[in-house]
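The chain is shown first.

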Amino acid sequence: DFKHQESKLKKLFLEIKQEIKKQIGDYLTVSVGVAPSSYLAKVASNLKKPDGLEEINSQNYLQVYSKLGLTDLTGINTKTAIRLNMVGINTVLEFYQADVHLLNLAFRSVLSTYWYQRLRGYDAGLWDSSKIKSVGHTYTLPKSSQSTQQTKAILAKLCEKVSIRLRKKSLCSHGIYLSLRYQSGASHNQHLSFAQGVFDSGDIFKLASQLLDRFPKLP
């Protein structure tokens, strides 16, 4: 069963640590993290350095989160922590309990969905900053009055550009983020996430159009 597999994993990692010590000595230590995702495994490996073996699982994750500060999480620096503080998120537990809408107020990007899923044990998004996290395009609408139909025509072109970039990089999208900033300075944002990845421009446009229909009427 699952608990038996966890026990076997911990035993294996312990044997690896012991073998490293046997072969190299105390000159090299290894911290190991066991968790249901690579991201949480990274967090677990940081819990007890320089020579620890820690686990995050469905029984102890809330206890672990309660002992962590925001900047203890891989990928959250001081600047990002301040952005979270500004929307009322001051602890990792509050971070975990926040819904995607609240997270979007802090991140204003697809990162809101990534963090929501990461803290729940899914490898969604990538904590490695060297990898692509999002693909996007922007466009400034003419100052003259713009109908919804005209706006959607421009949105279709943007979706086509995004889909081309996705295909070139052999990527697919699991979320769409759409933002509009008006001449008055007001801005509106909508986000949609989905399990099945998409990369076709038609599919992306269909989903993006659903988000556009949620926005207030263009002034």
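## Overall composition

Residues 24 or more positions apart make up 46% of the chain's contacts with a separation of 6 or more. The model is a predicted one. Its chain has 219 residues, and 34% of them count as buried.

The chain holds 9 helices and 4 strands. Read from the N terminus, the order of elements is α-β-α-β-α-α-α-α-α-α-β-β-α.

## Helices H6 and H7

Helix H6 covers residues 100-107 and helix H7 covers residues 111-118; their axes come within 8 Å and cross at roughly 130°. The crossing of H6 and H7 is right-handed. On the H6 side the contact is made by Val-100, Leu-103, Asn-104 and Phe-107, and on the H7 side by Leu-111, Ser-112, Thr-113, Trp-115 and Tyr-116. By class, the residues of this contact comprise 6 nonpolar, 3 polar and no charged.

The buried residues of H7 are Ser-112, Thr-113, Tyr-114, Trp-115 and Arg-118. They pack against H6, and also against helix H2 (38-45), helix H5 (92-97) and strand E4 (187-198).

## Helices H8 and H9

A second pair is formed by helix H8 (residues 148-168) and helix H9 (residues 201-212), whose axes come within 8 Å and cross at roughly 135°. This angle makes H8 oblique to H9. The crossing of H8 and H9 is right-handed.

H8 contributes Thr-151, Lys-152, Leu-155, Ala-156, Cys-159, Glu-160, Val-162, Ser-163, Leu-166 and Arg-167 to the contact, where they meet Ser-201, Ile-204, Phe-205, Ala-208, Ser-209 and Leu-212 of H9. The residues of the contact of H8 with H9 are 9 nonpolar, 4 polar and 3 charged.

## Cysteines

How many disulfides does a search of the whole structure find? The search returns 0. Cys-159, one of the H8 residues in the contact with H9, has a relative accessibility of 5% and so counts as buried, the cut-off for buried being under 20%. Cys-172 has a relative accessible area of 38%, which means that it is partly exposed.

Val-43 lies in helix H2. It is buried, because its relative accessible area is 2%. Residues up to four places away in sequence aside, Val-43 touches Ile-56, Leu-68 and Leu-73. Val-43 and Val-32 are 11 residues apart in sequence, and their C-alpha atoms are 9.8 Å apart in space.

Leu-84 lies in helix H4 (residues 78-85). Its relative accessibility is 0%, so Leu-84 counts as buried. Beyond its neighbours within four places in sequence, Leu-84 is in contact with Leu-70, Ile-76, Ile-89, Phe-95, Ala-106 and Phe-107. One of these, Leu-70, is 14 residues from Leu-84 along the chain, with a C-alpha separation of 8.9 Å. Another, Phe-107, is one of the H6 residues in the contact with H7.

Terms used
Residues are numbered from 1 along each chain as its sequence is written. This is a predicted model: local features need pLDDT of at least 70, side-chain atom pairs count only at pLDDT 80 or more; totals for chains, interfaces and linings use all residues. Side-chain values use heavy atoms; hydrogens and water are left out. Axes are lines fitted to C-alpha atoms, for helices over the stretch in contact, and angles run from 0 to 180 degrees between N-to-C directions. Helices (H or I, at least four residues) and strands (E, at least two) are DSSP runs, numbered from the N terminus. A crossing is left-handed if the near helix is turned anticlockwise from the far one by less than a right angle, and right-handed if clockwise. Contact means heavy atoms within 4.5 Å. Ala, Val, Leu, Ile, Met, Phe, Trp, Tyr, Cys and Pro count as nonpolar, Asp, Glu, Lys and Arg as charged, and the others, Gly among them, as polar. A disulfide is a pair of cysteine sulfur atoms within 2.5 Å. Buried means under 20% relative accessible area, exposed over 50%, partly exposed in between (1.4 Å probe, protein chains only). Angles under 35 degrees count as roughly parallel, over 145 as roughly antiparallel, 65 to 115 as roughly perpendicular and the rest as oblique.
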